[in-house]
Amino acid sequence: MSKIRVAIQGTRASFHEEAAFKYFGQDIQTVECETFKHTCEALKKNEADYVVMAIENSIAGSLLPNYTLLHDYHFPIVGEVYLSIQLNLLALPGTKLEQIKKVESHPIALRQCADYLEEHPQFKITEGTDTASCAKKIAENKLTDTAAVANQLAAKLYGLEIIDRRIETNKKNYTRFLILSKEKTENPKANKATLLFQTDNSIGSLARVLTFFAEEQINMSKIQSMPVLGKRNEYDFYVDIEWKKQNNYDAAIRKTLKHTINFNILGEYIKNDKV
């Protein structure tokens, strides 16, 4: 059997590939894509079977452009995975800390290691496209004076050595990733959904909809608003809800349908909050 093809933003050994391994296992074919939009295009063109897409980080917050991609492509969400973001300082084997003059990584990763980097003012900090590509660059170009901030997977794949471990400031940092597919699959064990809808501008219109969830014992774990393009004071609402009883969920959806505009279920899937 051919391997499952999973599109990720970034280079192999990035956190996206680590999330893909956590969800699908390591026996997959990783499809590297330069941007998140390119991952969606790969799925659209049947160059991938799934997309792994970061949607929020516990420090950086929501990745708003990716909500736009969910809206524009309407690929079903079939799962989610949480990943602990553990960052290390990587360099060529045998390199000493005092030899390091430059440190490269993704800008968010660098911000997440701000305290550590401030302790080493001798480092010249450079932003890269992603954590893994910076590690790959060091390995391919044999850069003896440069280190990358990346995960253990990058060290293993590119043959680098971990000079300092767990240099991130917040040790409880995590990222939530969504699993997108081209085809919707029915999952009888689903207990979480992502909804997309609009409400009118009348007083209490959104509050009324959210009350329906509470009435049916549905937990709303997240709400994200995004402006409707070209329309003043109109918003798309992306809502994550969780339930224990299917009939409660069904009842809440029926109520919500009557009081919303452009209602869509972006995905029904199994809740997975194991970091």
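A residue counts as buried when its relative accessible area is under 20%, as exposed when over 50%, and as partly exposed in between (1.4 Å probe, protein chains only). By that rule, Phe36, Thr39, Cys40, Glu41, Ala42 and Leu43 are buried in helix H2 (residues 36–44). This is a predicted model, where local features need pLDDT of at least 70, side-chain atom pairs count only at pLDDT 80 or more, and totals for chains, interfaces and linings use all residues. Residues are numbered from 1 along each chain as its sequence is written, and side-chain values use heavy atoms, with hydrogens and water left out.

**Helix H2**

- Helices (H or I, at least four residues) and strands (E, at least two) are DSSP runs, numbered from the N terminus.
- Contact here means heavy atoms within 4.5 Å.
- The cover over the buried residues of H2 includes strand E1 (4–9), helix H1 (15–24) and strand E2 (28–33).
- It also includes strand E3 (50–57), helix H3 (64–73) and strand E11 (174–181).
- Asn46 follows H2, and its phi is positive, near 60 degrees.

**The five-stranded sheet**

- Two strands pair if DSSP finds at least two bridges between them.
- Here 5 strands make an open sheet with mixed pairing, in the order E8-E7-E9-E6-E10.
- Strand E8 (124–127) and strand E10 (161–164) are the edge strands, and each pairs on one side only.
- Axes are lines fitted to C-alpha atoms, for helices over the stretch in contact, and angles run from 0 to 180 degrees between N-to-C directions.
- On average, neighbouring strands of this sheet are turned by 35 degrees against each other, direction ignored.
- Strand E7 (residues 102–105) pairs with strand E9 (residues 146–150) in the parallel sense, over 3 bridges.
- Val103 has Ala147 as its bridge partner in E9.
- E6 and E9 run antiparallel and are joined by 3 bridges.
- Asn88 has Ala150 as its bridge partner in E9.
- E9 is mostly covered, with 5 of its 5 residues buried.
- Thr146, Ala148 and Ala150 point one way from E9, while Ala147 and Val149 point the other way.
- Helix H6 (residues 131–141) lies across strand E6 (88–91), E7 and E9, and runs at about 150 degrees to E9.

**The four-stranded sheet**

- Another open sheet has 4 strands in the order E13-E14-E12-E15, with antiparallel pairing.
- Strand E13 (219–227) and strand E15 (261–269) each have a single partner strand, so one side of each is left without a neighbour in the sheet.
- Neighbouring strands of this sheet are turned by 15 degrees against each other on average, direction ignored.
- Strand E12 (residues 192–198) and E15 run antiparallel, joined by 6 bridges.
- Leu195 has Ile265 as its bridge partner in E15.
- H3 lies across E12, E13, strand E14 (235–242) and E15, at about 90 degrees to E13.
- Helix H9 (residues 246–258) lies across E12, E14 and E15, at about 160 degrees to E15.

**Aromatic pairs**

- Rings of Phe, Tyr and Trp (its six-membered ring) pair if their centres lie within 6.5 Å; planes under 30 degrees apart count as stacked, over 60 as edge-to-face and the rest as tilted.
- The structure holds 8 aromatic pairs.
- One of them is the stacked pair of Tyr73 and Phe75, with 5.5 Å centre to centre and 25 degrees between the planes.
- Tyr73 is buried at a relative accessible area of 17%, and Phe75 is buried at 9%.
- Trp243 and Tyr249 are both buried.
- Ring pairs also link Tyr23, Phe24 and Tyr50 into a cluster.
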